[in-house]
Amino acid sequence: MYRITGKTVLATGVVEMTIEAPRVAKAHKPGQFLMVMNREDSERVPLTIADSNPEKGEVTIVFLEVGRSTIELGEEFQVGDDLFAVLGPLGTPTHLDRVGTVVVIGGGLGVAPIYPICKGLREAGNRVVTIIGYRRKDLMFWDDKLRSASDELIVTTDDGSFGMKGFVSDALKKLHDEGRPMDRVVAIGPPIMMRAVAEMTRPWEVPTTVSLNTIMIDGTGMCGGCRVGIGDETRFVCVDGPDFDGHKVHWDEMFARMKVYQREEREAIASSPSCRLYFETLKR
Amino acid sequence: MSETVDIAALGGVKEGEKKRPRSKDRRLEIACQSVEARLKNFDEVALGYSPAEAVAEAMRCLECPKPRCVVACPVHIDIPTFIGHISRGHFVEAAEDIRKYNNLPAVCGRVCPQENLCEAACIINDTNPNNPIAIGRLERFSADWQFGHSERRADSVAKAPATGYKVAVIGSGPAGLSCSADLAKMGHTVHLFEALHKAGGVLMYGIPEFRLPKTIVQKEVEYVQALGVQLECNVVVGRTMPVKEVLDEFDALFVASGAGYPNMMGIPGENLNGVYSANEFLTRVNLMKAWKSEVGTPIRKPRRVVVVGAGFTAFDVVRISLRLGAEEARIVYRRSREEMPGRGEEIEHALEEGAIFTLLTNPVRYIGDDNGFVKAVEVQKMELGEPDSSGRRRPVPVPDSNYIIECDTVVVSIGQTPNVLIPSNLPGLATRWGSVIKVNRETYMSTVPKVFAGGDAITGAATVILATRAGREAARSIDGYVRDPNRGWYPPAV
């Protein structure tokens, strides 16, 4: 029912996958995510939708092979295989109002989900300046797609092997120092990077949207496992988010909550043959 | 007929004979797993009657001409008739007869609070106190027997000719399943949408395996599908499809999306790791089967558990914790034993299994360790004051009575409210408190034409049998509406 129609390894451990899911493709809006179950006894994994094609009835995800389920998805599943379940699109879509100039930041895997957001913001009449960052040149992907979806594209690598040397936050600071217009910032990527961006824009008073990817089970507002403090309230990432005001997120709490199953995840990886093989290959 | 029952050997009523009820006999206990055994597995605790036991218990029934049990049953199952069938060895007929009134007999036989309903009304209580007919156990027996022994399938059930009307049902819990089954029998085309990857709703994610095996739930779902209901999982109406699209495509829409949004207390420390909503804890274990080592979904094995609340859910959580190996599993409840809303049998089973009750006590804050994991809860003692709106005495804090209970897991089981996804995507839908859908209690019609609602979505969290009843009553109303040339709409007063 949910057939894999395309699979590309974009960089070590980064996999792009296209899946047949006509209802999801038709309803998808930028900023939303889906839940994947590889097999009937697999966990439900939330993954951001990176692109959709309603005509073909397909959605694209880009994921990092980081836990047992994503490693098994990337290593064991090929084009033509069926996934047990795909549910979506979930979450509240990103607000795409016209505000002027929007700086959209994608760090690492976050480069994928900002693609539909850049397109949407531009269609709404914004000028879109995009900053994408990778650790090294050989981990780069989708920079051409992002270039086509942006008015201006800045690429950073941590080691300087491509584009500007440094983090995405360094590129953001440079834009600000140059006095460039910045009516809104959207940042998606590792939590540590989103926090760095939010802390940077706070004194500038530039509204900053971040997209959280916390632990969840159902993705529909039922379990509350994804809850996180936002300002004075507790909110559910799955239904109230995943987008939140980066200046209001209780980052320390969120970081702690991301680690709740660390021990169990290590055990799960150790018990999975695909995971062991994957890590052995990585070492070599 | 494939079923062959030697009724004489079982001590029942032979063909052409008259029944001589043995109502003075004691109610027949049901075999259960021993406490030691069941704490080491997730298998069903109550093992069910054998045919001989079922017939013996059925032989106690007077088959009253004016049965009080039928009146007390929310869906008015013809109890004497189905028990009559059992006492004559017609086990499949018994199940089929129940199905005229209740589409989920294997489920309701297990989880319905019969002790407060049909069995409380049984006339035998008058002469043989505390020995009512074990109606629930007999219901379960006949449904299980049908699943296990009958060649008769749902496709042979009498169905009205196809009407051509299309009805969408949102949510495949007890209300949705019951409504879908009845609408299909009435000849309508029924499309049943489920958000999760398995049908059954709360029967799958909420009620644990040891009270309601998931294979039983799936058999009930398959039965409903065999009636012609088209089930589609992984669809969140309001996200995967706009509600408007469903309204355009179908003649009527029944919202049975349940009460799946967890209530929390809003006290400090509630977002610490190790503090769960009951929904999360139960979903991990029941739906995702985290208790099995080979599945993908993890659960942190609790060692010392504090469960806040004393309803059905709280007892399920406490008993799951003990099966996961908890050394200490404690119910913390702000009222006393008298006011506990849980079912008697569950409370007894929990006590047998070693649950600790800390009553007249309420959490005030959770205390975490340096890594953000809960390590203790600060509680406050309570005393009972004047009765409140629920008729129960209101708990009042006792000054300077706070103390600390150490724990590594807290499960907040203080109730659920309906999900706001459908109301927030349906302009004009009147609700109470933003989530509980308002309907006319006669017609189940909401304030939006074509949209009916029932089950926990209109009441807040209640029981399986009440949801089943709402589903069936709503089906009758929907049937009348789609056939009505004027499509008369009788919404609730707002």
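**Surface and interface**

Guide: In this predicted model, A:Leu64 has a relative accessibility of 36% and therefore counts as partly exposed.

Visitor: In which strand of chain A does A:Leu64 lie, and with which residues does A:Leu64 form a nonpolar patch?

Guide: A:Leu64 belongs to strand 5 of chain A, which covers residues 58-64. On the surface, the patch has about 230 Å² of accessible area in total.

Visitor: How much area do chain B and chain A bury between them?

Guide: The contact draws 44 residues from chain A and 42 residues from chain B. Of the buried area, 52% is on carbon and sulfur atoms. The area that the two chains bury between them is about 3,500 Å².

Visitor: Which residue of chain B forms a salt bridge with A:Lys26?

Guide: Across the interface of chain B and chain A there are 3 salt bridges. A salt bridge requires a Lys or Arg side-chain nitrogen within 4 Å of a carboxyl oxygen of Asp or Glu. For A:Lys26 the closest N and O atoms are 3.4 Å apart, and the partner is B:Glu245.

Visitor: Which element of chain B gives the most residues to the side that touches chain A?

Guide: Strand 5 (261-262), strand 6 (275-277) and helix 15 (278-287) of chain B each supply at least two residues of that side. The element that gives the most, with 4 residues, is helix 15 of chain B.

Conventions: Residues numbered from 1 in each chain as written. Chains lettered and ligands numbered in written order. Predicted model: local features only at pLDDT ≥ 70, side-chain atom pairs only at ≥ 80, totals over all residues. Heavy atoms only, no water. Patch = residues over 30% accessible without salt bridge, like charges linked within 9 Å, V, L, I, M, F, W, Y side chains within 5 Å. Areas by Shrake-Rupley, 256 points an atom, 1.4 Å probe, with all protein chains shown as cover. Buried < 20%, exposed > 50% of the residue type's maximum accessible area, 1.4 Å probe, protein only. Contact = heavy atoms within 4.5 Å. Buried area = accessible area lost by both parts, 1.4 Å probe.
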